[in-house]
Amino acid sequence: MIALMFGPPGSGKGTQASRVAVRLGIPHVAAGDMLRSEVARDTALGREAKPIMDAGGLVPDDLVVRMIESRLDQPDAANGVLLDGFPRTVPQALALDAMLAARNDRVAWVVSLEVPDDELKTRILKRATTEGRSDDTAEGLAQRLIVYRQDTAPVLEHYRGAGTRIAAINGVGDIDAITERIMQALSHDGVAARTA
Ligand code: ADP
């Protein structure tokens, strides 16, 4: 089962995706984490991505698509994955859909985490002081929110148009409570959690 965790920067999608992936027993595939790992290992992709990420822009679609495609080819992804931070543009979504269609698969559902802008700003500026991510600056965030509205929000409309199940979840509140909201929405939709 291929599922997407969707939401603006600072919505907590990384935190929630890692928890929900464990509950569903599928790998959590986070595009931003994979790109940061490329940067840390100083690979060719990492060197190309770093200045773009620091400025709050998007890494070119073809690079990200190739990175995700090779991740989906790994044996642990055979039963599905929970994607986080991908697809982030409509061309990425079309590439994903084509990749999955070639395997007779499709995106099964999308969780959309909803958090107001004021709360996003507070969270990211707080994260800047604790995690030291090089893109967590006031300017970086402002740019990421613009890019989110312009390039990423249409991805949700793409899946809505395709008839994909979408669970809109209130992303404000206690971290555990939000995880439960997501699990409840999924079980309501017939997605079973791993029982072990
Ligand atoms: P955020 O919490 O801001 O959404 P992420 O870790 O998901 O953080 O992403 C950090 C940065 O990595 C993005 O601002 C972007 O520069 C780059 N990035 C992540 N995923 C993608 C993608 N699918 N396409 C292009 N760039 C991406």
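These legends accompany several close-up views of a predicted model.

**View 1. The largest nonpolar core and the elements that build it.**
In this predicted model, the largest nonpolar core is made up of 30 residues, and those with the most contacts inside it are Ile68, Leu83, Phe86, Leu96, Val107 and Tyr159. Two or more residues of this core come from each of strand E1 (2-6), helix H2 (31-40), helix H3 (44-54), helix H4 (61-72), strand E3 (81-84), helix H5 (90-101), strand E4 (107-114) and helix H7 (138-161). Among these elements, H4 gives the most to the core, with six residues.

Which residues are in contact with Tyr159, leaving aside its neighbours within four places in sequence? The contacts of Tyr159 are Leu4, Pro87, Ala93, Leu96, Asp97, Val107, Val110, Thr164 and Ile166.

**View 2. The aromatic pair of Phe6 and Tyr148.**
The model has one aromatic pair by the rule applied here. The ring centres of Phe6 and Tyr148 lie 6.1 Å apart and the ring planes stand at 45°, so the pair counts as tilted; an angle under 30 degrees would have made such a pair stacked, and one over 60 edge-to-face.

How many cavities of 30 Å³ or more does the rule count? The count comes to one, and the space in the largest cavity is about 90 Å³. The lining of this cavity consists of 13 residues, of which Gly7, Lys13, Gly85, Arg88 and Thr152 are the closest to the centre. The elements that give two or more residues to the lining are E1 and H7, and E1 gives the most, with three residues. Sorted by class, the lining of the largest cavity holds eight nonpolar, three polar and two charged residues.

**View 3. The largest pocket and its lining.**
The largest pocket has a volume of about 1100 Å³. It is lined by 43 residues, and those closest to its centre are Gly10, Lys13, Gly14, Arg127 and Arg133. At least two residues of the lining are supplied by each of helix H1 (13-24), strand E2 (28-30), H2, helix H6 (117-131), H7 and helix H8 (175-188), while the largest share, seven residues, comes from H6. The lining of the largest pocket divides into 14 nonpolar, 16 polar and 13 charged residues.

**View 4. Asp117 in helix H6.**
Asp117 is found in helix H6, and its relative accessible area of 27% makes Asp117 partly exposed. When residues up to four places away in sequence are not counted, Asp117 touches Leu145 and Arg149. A separation of 28 Å lies between the C-alpha atoms of Asp117 and Val65, which are 52 residues apart along the chain.

Most residues other than glycine have a negative phi, and most peptide bonds are trans. The peptide bond that joins Phe86 and Pro87 is cis, with omega at about -5°, and Pro87 lies in the loop between E3 and H5. Asp42, in the loop between H2 and H3, has a positive phi near 55° although Asp42 is a residue other than glycine. Asn104, in the loop between H5 and E4, likewise is not a glycine and has a positive phi, of about 60°.

Methods: Residues numbered from 1 in each chain as written. Predicted model: local features only at pLDDT ≥ 70, side-chain atom pairs only at ≥ 80, totals over all residues. Heavy atoms only, no water. Core = buried A, V, L, I, M, F, W, Y, C linked by side-chain atoms within 4.5 Å. Buried < 20%, exposed > 50% of the residue type's maximum accessible area, 1.4 Å probe, protein only. Helix = DSSP H or I, 4+ residues; strand = E, 2+ residues; numbered from the N terminus. Contact = heavy atoms within 4.5 Å. 1 Å grid on protein atoms, 1.4 Å probe; cavity = no way out; pocket = protein on both sides within 12 Å on 5 of 7 lines; lining within 4 Å. Points joined across faces, edges and corners; volume = space filled by probe spheres on them. Nonpolar A, V, L, I, M, F, W, Y, C, P; charged D, E, K, R; others polar. Phe/Tyr/Trp six-rings, centres within 6.5 Å; stacked < 30°, edge-to-face > 60°.
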